[in-house]
Amino acid sequence: MLSATGMIGGYGGADILHGLDVEVSEKEIVVIIGSNGAGKSTAMKAIFGLVPLREGRVTLKGEDITNAPPDELVPRGMAYVPQERNIFPSLTVHENLEMGAYIRQDNFGPVLDRVYDLFPALQEKRKQAAGELSGGQRQMVAFGRALMTEPDLLLLDEPTAGLSPLVMGEIFEKIIDVNKSGVSILMVEQNARHALQIADRGYVLATGQNLYIDTGASLLANPEVAESFLGGKRADA
Amino acid sequence: MLELINFYLIPALVLGCIYALGAIGISLLYSILRFAHFAHGDLMTIGAYIAFGMILGVELIVFANADPDVTVSFLAKLVSMLPFSLVLAILAGMFLEKRGFGPFTYWRSLFTIVGTVALAFPLVWALDLMTPLAADEDFELDAEFKVLAVLPFAVVLAVYMARLLDRLFYKPFRSSKPIIMVIASFGVALILRSLVQMFFGVEDESYAVGYIARPLEIFLPLRIIERHLYIFGMTVILMLALHYLLTRTRTGKAMRAMSDDADLARVTGINTEQVVMWTWIVGAGLAAIAGVLLGMDAPVKPVMGWDMLLPIFAAAILGGLGSPYGAIIGGLVIGGMEELSTFHWWLSDEPLVPGAYKTAIAFGVMVIMLIFRPQGLFKGRVL
């Protein structure tokens, strides 16, 4: 599905990524974890064409998409949910979802129904301005908006940042649901332990490079990873 | 009391409508392109003068033809019909190219130029056919009718002009700091005004020379001039159309989305250049209409739009930059305050504020708003 190799790049001349590789196969959930400033979000943005790559190559379904801008990537089946400012606050929930379908020329009614099925809470608030919603509901709007193009690959930048544990669990469940419907997912998470539990594979980043690449379960079991990135030893995990 | 309504309240509403039409453009452009468009007043001027030029063109053919002592060369007639045929050529081009205005490619430009000249011939011929009508001494074209007839043409030309200006002067700076765009728009304002002065001179002109508007006395003792009814009617229709655009259409919703968060709009896959194009179409179209309506009520002169800039900005800021509905309210409030301040309010025989100072009201409101409530009445963006 997605293959990014040897990514080097960053903002305005200062490199943040130093030869990073990321790979997502069909129908996989891939999680990127790492300490603050390791370049997790930057890697995501570089893949989505928001941060320029100086070197390296990104391919989607075998086609070169290195440094392609978002408006070319969305029609190719990629969608991205930024970490913050990921909704249009003055638009209603319904309009937010419609904007997600902006590039679609066909009737997106069935997709809209499916998004409302996935997030029943949004159905109730469809006429409300998205900016008036709670943090968890906003996240659902952002998530739903990204699903409106029926993407093959969904990029989620810290989907649970700032949410209560209860809501967080709900979001993770939705991620699994979406994945089961056939969407590959690449996400960056602070909440590493929880994320790795649902991940097929995980990448541990440090200073813009790959530190560990393994299955989610093996990374959870890895004592070094546990100590540095999962907040202490927990061999039982 | 009647004096207040007939001579102050109605003109206040008329002025308010014109301010509102201009302020909507300022507000939309500010929230979507992130810069204060200083050339907006001069876009109004351009609209007013395009309409003026077109009326001259039609009169040149119809009336000069009717007078046996006057001869107008065919070339002069052809040139006078070029603006009309240019609009028709643009509309035909849009129809052929389903996607609307595209980039200015060589072939499109050639199509427009050839189409324009080709269409001018049948137009001259059609107007020549009307000559027998004009020869009749009782035949007179109503001043309002003439203006309203050329209005759609003037709007299309002004919109196209704004698109060209955007392409030449604003697009190259799209990713620069906003102040660069502001300065660029200041330059554009000077260019537009100079163009008008070059082609039409610096004198005051009028759409209806020697024509005295008699007030309609429908609801005596209320007196309202016919053109004021057109101005109200047109403004109300345009406001409803704008509301429909912003809340019901995909393009309008995308405009609101981009004004909320341009980065997110881009990430969502919204074609932001297309949204920018529609912003210019709406903003410049409304500005051109505001200019023509102002020209119906006041002299047509090269500084007419520039003089409007301050009250229009005051209206947009009062309503909250980025809030088109706020801009409408702001326009009506500023227009109302300016006109009503010159009433005596039964305090003395003198106006409350001398007429020469009424612009200061707009300035005062703007300063007070920027100090105490920079987001405006309707929660806009902070300047």
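This is a predicted model: local features need pLDDT of at least 70, side-chain atom pairs count only at pLDDT 80 or more; totals for chains, interfaces and linings use all residues.
How many bridges join β6(A) to strand β7 of chain A, and do the two run parallel or antiparallel? Hold that thought while we get our bearings.

Chain A is built from ten helices and ten strands. Its C-alpha atoms fill a box of roughly 50 × 40 × 30 Å along the principal axes.

Six strands of chain A form an open sheet, in the order β6-β7-β8-β3-β9-β10, and the pairing is mixed. Strands of a sheet pair through backbone hydrogen bonds, either parallel or antiparallel. At the edges of this one stand β6 (78–81) and β10 (209–215) of chain A; each has a single partner strand, so one side of each has no neighbour in the sheet. On average, neighbouring strands are turned by 15 degrees against each other, if you ignore direction.

Back to the opening question, then: four bridges join β6(A) to β7(A), residues 153–157, and the two strands run parallel. If you want a spot to look at, Tyr80(A) stands opposite Leu155(A) in β7(A). Helix α6 of chain A, residues 135–147, packs on the sheet here and touches both β6 and β7 of chain A. The direction of α6(A) makes about 170 degrees with that of β6(A).

Let's move over to chain B. Its helix α4 covers residues 106–129, which is 24 residues. At 1.5 Å a residue it should span 34 Å, and its end C-alpha atoms are 36 Å apart, so the helix agrees with that expectation. The buried residues of α4(B) are Ala120(B), Leu123(B), Val124(B) and Leu127(B).

Finally, where do the two chains meet? Here 14 residues of chain B are in contact with 20 residues of chain A. On the chain B side, α9 (250–260) and α10 (262–268) each supply at least two residues. The most comes from α9(B), with six residues. Sorted by class, that side of chain B has five nonpolar, three polar and six charged residues.

Notes
Residues are numbered from 1 along each chain as its sequence is written. Chains are lettered from A and ligands numbered from 1 in the order in which they are written. Two residues are in contact if their C-beta atoms, placed from the backbone, lie within 7 Å. Ala, Val, Leu, Ile, Met, Phe, Trp, Tyr, Cys and Pro count as nonpolar, Asp, Glu, Lys and Arg as charged, and the others, Gly among them, as polar. Two strands pair if DSSP finds at least two bridges between them. Axes are lines fitted to C-alpha atoms, for helices over the stretch in contact, and angles run from 0 to 180 degrees between N-to-C directions. The expected span of a helix is 1.5 Å times one less than its number of residues. A residue is buried if 20 or more other C-beta atoms lie within 10 Å of its own, exposed if 12 or fewer, and partly exposed in between; C-beta atoms are placed from the backbone.
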